[in-house]
Amino acid sequence: MDLSSISPTLLIASLMVAATPILLAALGEMVVEKAGVLNLGVEGMMIMGAISGFIAGVETGSPWLGFFVAAIGGAAMALLFGVLTQVLLSNQVATGLALTLFGLGLSSLFGQGYVGIKANSLKRLDMGFLSDLPFFGRVVFGHDPIVYLSLLLVFAVWAFLKFTRAGLVLRAVGESHDAAHALGYHVRRVRMMAIAFGGACAGLGGAYLSLVRVPQWTEGMTAGAGWIALAIVVFASWRAGRVLIGAYLFGGIVVLQLNLQTAGAKVPVELLSAAPYLVTIIVLVLISGRAGRGGDTPADLGKPFHAST
Amino acid sequence: MTTLLELSGLTKAYPGVVANSDVSFSIARGGVHALLGENGAGKSTLVKTIYGLVKPDSGSMRLNGKPYTPSEPRDARAAGVAMVFQHFSLFEALSVAENVALGMETPPPMRDLSRRIREVSEAYGLPLDPTRRVGDLSAGERQRVEIVRCLLQDPSLLIMDEPTSVLTPQEVGILFATLRKLALEGTSILYISHKLEEIRALCDAATILRGGKVVGEANPRKASAAELAEQMVGTKLTPPKARAGAVGEIILQVSRLSMPPASQFGTPLKNVSLAVRAGEVLGIGGVAGNGQDELLSALSGERRTSRETVLLEGTDVSRMPPSARRAAGLLTAPEERLGHAAAPDMSLTENAVLTGTARMGLLRNGFLSWSRARSFAKDIIAQFDVRTPGPGVAARSLSGGNLQKFVIGREVLQGPRVLVVNQPTWGVDASAAAAIRQALLDLAAEGAGIVVISQDLDELLEISDRFAALNGGALGEAVPTSSLTMEQIGLMLGGAHDLEEAHV
């Protein structure tokens, strides 16, 4: 095997691209779970974002409009979940699973006429001489705007939850909806907004797959990314910074194992393909074992809220 | 004194029950007004109306002479009404300062807020560290957080819903000093309780509710506790008859029992030892969250402990699951009626089966005998005066008192050797509570050993022979009840922690 064919610069640059869809989806889901809602429909919202963004991108020729429509599409799916679970009080786990199945089916229906077409992709930002620097030019200054947007979003979500009053109310609602209600906060309204935000983020993540990373439409193209995003939220103990680490770890191993495959590593291809999932799960188990007792879980996660008085 | 809040003709009906019916009274400025009534008398609905959580069907309120119609708690807080809740409205994973901020309309920046929390809490003798997580605080400290949160808003009316149920007698004394200081400064206090002595010590006016209606006004400084109780309950109460059974051999022996907590904010049990004799009632007191639930689960077998820690009549049952312990004669009744002692959506018959299978012979060739189960459930209903249409109704549909009678009766009728109960009369009306206490005493008279875990000290003094205090997961020495005073009990429960009297 020829390891010298793997370039560290390209490896890091492409792991960021590989991780961005998962990072966006996981960040949105983290906010949803912080508000006490468990939405297992991330996969369904991502794929709906992927197809609606792709259609909008192809029809208008503008990838930016594609991303915008993808966010709307993801949020619409999420609000469907929100109405079912928050207003009609359906079971969150079952509804989330149904949302995933529904999204996968609906997206392949919408995508019938779009297989094999190529959409306009986003250009990498050109930052003048910065982008020409060796190594850093490509790794730090050579990405498309959505990568920077996702990193900005990590910071924004962290600051929102930690420093703003709205963020405090959101955490309070996820911690004890009864107490929040008794203090006069609108539990359902807060949760609906969080759910919509989570959907929009998942939609953006999906569109990043169909408009930038691949960039094409194929049925079921999210291929479990939504589930990985869900797992990353847990192993990140609901912290934005750790979500970033988790997503980049997963993305990094995906890219690395692809590189190893092309370099002809003497490891069965099946094992290499499974490596990102295995490593992410092992890290998940190790970290949650160390944290112990699951102290960071929002206390009212997944519990239905009904104002009895 | 002028009137601060005037209620006239407040009525609120829920499907099937009128919670408040034509309630009228007024609260004086700077007065401490008691709202007295049993569970289910409509006190909670009434204060929720004042706090804007419930909209009345009819009637009106006037605050400072102006119409007052809060549509949500925000409006009530803006009008100067603050409330300390019975079940705390706190967020365990958040810090003290964050909890306080959530209860304010326009909180100052965190740094200023932390400083003000320190100032106010020290001025009223309720020291608090704003950076600590609420989940790590004791019940008394949590209540301080609630009170400080209210005080920071300079309320003109402070509503306290059953504030002393989680406090030691010493902490109660300090709380009262704080409340009196507030009243002197002109804050009105609406004090909700069913503890008559407290009301007589603190309040200068009282309104008594029964069945959602105002049944009387009284001056608690002049009326006797017996008069107030009669108005509140509607009938005369008979205290339980003392029994005359002899105390026998030790039947339950717990030695050096230690157990880690089950949840993050739980309490570990530390080296707990106790002995119960046949025919004896051992009372275990303690402020909520000091290991009561953990002790019950270690005795019931829900959690297993090291060998030789729990001995029933000399046999080691420490590693036995609950069903084996039941068969051996160690029965338990946990605190939470719905969801722990009984399955809410299952019928009374099914609930009777859940714990009675082994001892009542409800199995025939491995199959349940539903006819025997039904007659067992009917026995419980008849002997314990459970008011219900029949054994087929869901446990959820029973009132708290009736379900508690059923849950206790289910264990008592199985003829246990040892019965462990946690909070047997919590949230139960006075007549049902008296019946339950009598049943426990009768069971002891028949030669069973009884362990009563309770936060109601009056109850423990009334029925137990010996008293031990649970404090931070450690159990103190058991002392004969007859020699104890409230003062001593308070010190056994951990005294007043780091509290000090308000600087009046």
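Analyst: Two strands pair if DSSP finds at least two bridges between them, the helices (H or I, at least four residues) and strands (E, at least two) being DSSP runs numbered from the N terminus. In this predicted model, β9 (residues 205-210) and β10 (residues 213-218) of chain B pair in the antiparallel sense over five bridges, and B:Ala206 has B:Ala218 in β10(B) as its bridge partner. The model being predicted, local features need pLDDT of at least 70 and side-chain atom pairs count only at pLDDT 80 or more, while totals for chains, interfaces and linings use all residues. Residues are numbered from 1 along each chain as its sequence is written, chains are lettered from A and ligands numbered from 1 in the order written, and side-chain values use heavy atoms, without hydrogens and water.

User: Which residue takes a positive phi in the hairpin of β9(B) and β10(B)?

Analyst: B:Gly211 does, with phi near 55 degrees, in a hairpin that has two residues between the strands.

User: Is B:Arg149 buried or exposed?

Analyst: Buried means under 20% relative accessible area, exposed over 50% and partly exposed in between (1.4 Å probe, protein chains only). B:Arg149, found in helix α5 (residues 139-151) of chain B, counts as buried because its relative accessibility is 3%.

User: What does the side chain of B:Arg149 join in a polar contact?

Analyst: A polar contact is a pair of N or O atoms within 3.5 Å; within protein, one must be able to donate a hydrogen and the other to accept it, and residues adjacent in sequence count only if both atoms are side-chain atoms. Here the side chains of B:Arg149 and B:Ser89 are joined by one of 2.8 Å.
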